[in-house]
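Hi,

Here is the structure I promised to pass on.

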Amino acid sequence: MLSDNCDPDRPAHPGIFLSHEAGESGYEPGEQCVDFPVSVVLPAGGTGERTGLQTPKQFCKFLGRPLISYTVQAFERVSWIQSIVVVVAKEHMDLMMDIVQRFQHRKVRVVPGGSTRHRSICNGVLALGGEGEGEAAAADRPKVVIIHDAVRPFVEEDFLCEIAMAAKEQGAAGAIRPLVSTVIATTAEGYLDHSLERAKYRASEMPQGFTYDVIHQAYQRCTESDFEFGTECLHLALQYCGTNAKLIQGPPTLWKVTYKRDLAAAESIIKDTLSQSACIITGGSTHAAALTEALQKPLGALDMELEVVPDLMGESSSYLLKEWNFIQVDCFCLSAVENLLKDLEAANRALLHPLVVIWVCLSCSDEPSGSERKLEPEGFMELASSSKLRNILLYGIQLHQSKDTERWERSVSKVAEISSALIRERSPALVGQLLQA
């Protein structure tokens, strides 16, 4: 859902999506602190008819991962969320379990859904309550349950905090957004009956939060008609529990992947986010350090955050655990790239999305001497091919260090442009290629 001043065909960019490590916050929530158990229910049983695709949209892949894995990851990063129940159609149980295992989602439990949205959410709530599993399981019931759509991957922790806190205090809370179009009622013959005053109404969005007792009681009391035709959880809480939800204006990043074009937009957003930072490794070489210094200005002009380290030892090893891309600069020393790849594999860094490593192969004199190691494209291609199997995309750029200042500056700018494009596009076709700068 977009704000009134946004292009409705261009989804808003999530400012902090994928930018923090698991358990870290990307905001300062002031005096608020979620110090009570919170769990999440993600209904994911939809068929995705509006996308026009055979695969339900929650299982459509980009960058090697299904959409639902990105949504799960957004919640797993929040330290105060204790568990996530994903509710899927029975025929997709095995598929979802494979996703959980492959991408090592730690907090997830998968349960079968029902024939309608409310039936599926109810199944998720009952699973959180340990229904039929004894007193021990019931004792682990969360204080607050957050319900969110599996196809809204760009949810931010600060807003989840607002929802959780309001739900605990009020019993229920939900996200709203301004209406971007006027809502009208039509006659049975297809003519205009009347229109609503847009300023008085809001679009109900996700996430929504409830105390466990409220949402559990609402589903115990609601009718078969509610289960069959209803879609709004906040309405059930009001009608069957007398709980009037606190409504909170949500950010424009809460938009929902609904149509085929939304999948492309989501992929573009994630690519943009993953391409915002790079760690340049100089290996301690003076030539590499000089090139790195020259690269910082053109790369910075491309809105890329940079960090420069001589190696990934000691304190610098923390970059192996961050969602950064890597640029290794050296003079024909392929072993340095091999060591970097081994470190990244050991850190399991490419588990959730493709990781980009660029080897900038620097020739350090106007006339290469016989003492310089001969570049072997076949060896580089073989290394890149094996790395690709581990979800690491290895690219190469060859650069000759000229004494001609103007020529050198042009070459450096070209290296910056190529590096930025490789990190942004993550093209499988260019993996293992040695591009000329």
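Which residues have the most contacts inside the largest nonpolar core? They are Leu291, Leu312, Phe326 and Ile358, and that core has 50 residues. By nonpolar core I mean a set of buried Ala, Val, Leu, Ile, Met, Phe, Trp, Tyr and Cys residues joined through side-chain atoms within 4.5 Å. Buried is under 20% relative accessible area, exposed is over 50%, and partly exposed is in between (1.4 Å probe, protein chains only). Strand E15 gives the most to this core, with 8 residues. Apart from it lies another core, of 41 residues, among them Leu42, Val100, Val108 and Met165.

Before you read on, a word on what this is: it is a predicted model, where local features need pLDDT of at least 70, side-chain atom pairs count only at pLDDT 80 or more, and totals for chains, interfaces and linings use all residues. Residues are numbered from 1 along each chain as its sequence is written, and side-chain values use heavy atoms, with hydrogens and water left out.

On confidence, pLDDT is the predictor's confidence in each residue, from 0 to 100. The chain has a mean pLDDT of 86, and 86% of its residues reach 70 or more. Residues 1-10 have pLDDT below 50, and beyond near neighbours in sequence this stretch has 24 contacts in the model. Contact here means heavy atoms within 4.5 Å. Residues 366-373 are also below 50, with 15 contacts counted beyond near neighbours in sequence.

Now the overall build. The chain holds 13 helices and 17 strands; these are DSSP runs numbered from the N terminus, with helices (H or I) of at least four residues and strands (E) of at least two. Of its 437 residues, 51% count as buried. Among contacts with a separation of 6 or more, 77% come from residues 24 or more positions apart.

The parallel sheet

Six strands make an open sheet with parallel pairing, in the order E13-E12-E14-E15-E16-E17. Two strands pair if DSSP finds at least two bridges between them. The edges are E13 (305-309) and E17 (434-436), each of which pairs on one side only. Neighbouring strands are turned by 25° against each other on average, direction ignored. Strand E16 (residues 392-400) pairs with E17 in the parallel sense over 3 bridges, and glutamine 398 stands opposite glutamine 436 in E17.

Two helices to look at here are H10 and H13. H13 (residues 405-425) packs on the sheet, touching E12, E14, E15, E16 and E17, and its direction makes about 170° with that of E16. H10 (residues 286-301) lies across E12 (277-281), E13, E14 (325-330), E15 (355-363) and E16, running at about 170° to E13. Axes are lines fitted to C-alpha atoms, for helices over the stretch in contact, and angles run from 0 to 180 degrees between N-to-C directions. Leucine 291 touches Val329, Val360, Leu362, Leu399, Trp408 and Val412, leaving aside residues up to four places away in sequence.

A helix pair

The axes of H11 (residues 334-346) and H12 (residues 377-388) come within 12 Å and cross at roughly 5°. The two are therefore roughly parallel to each other (angles under 35 degrees count as roughly parallel, over 145 as roughly antiparallel, 65 to 115 as roughly perpendicular and the rest as oblique). Where they meet, Leu334, Val337, Glu338 and Leu341 in H11 face Gly379, Phe380, Leu383 and Ser387 in H12.

In E7 (residues 172-178), 7 of its 7 residues are buried. E7 pairs with E10 (residues 202-211) in the antiparallel sense over 7 bridges, and with E11 (residues 246-249) in the parallel sense over 4 bridges. Alanine 173 stands opposite glycine 209 in E10 and opposite lysine 246 in E11.

Both faces of E6 are covered too, with Val144 and Ile146 buried on one side and Val145 and Ile147 on the other. E6 runs parallel to E1 (residues 38-43), joined by 4 bridges, and pairs with E10 in the antiparallel sense over 4 bridges.

Cheers
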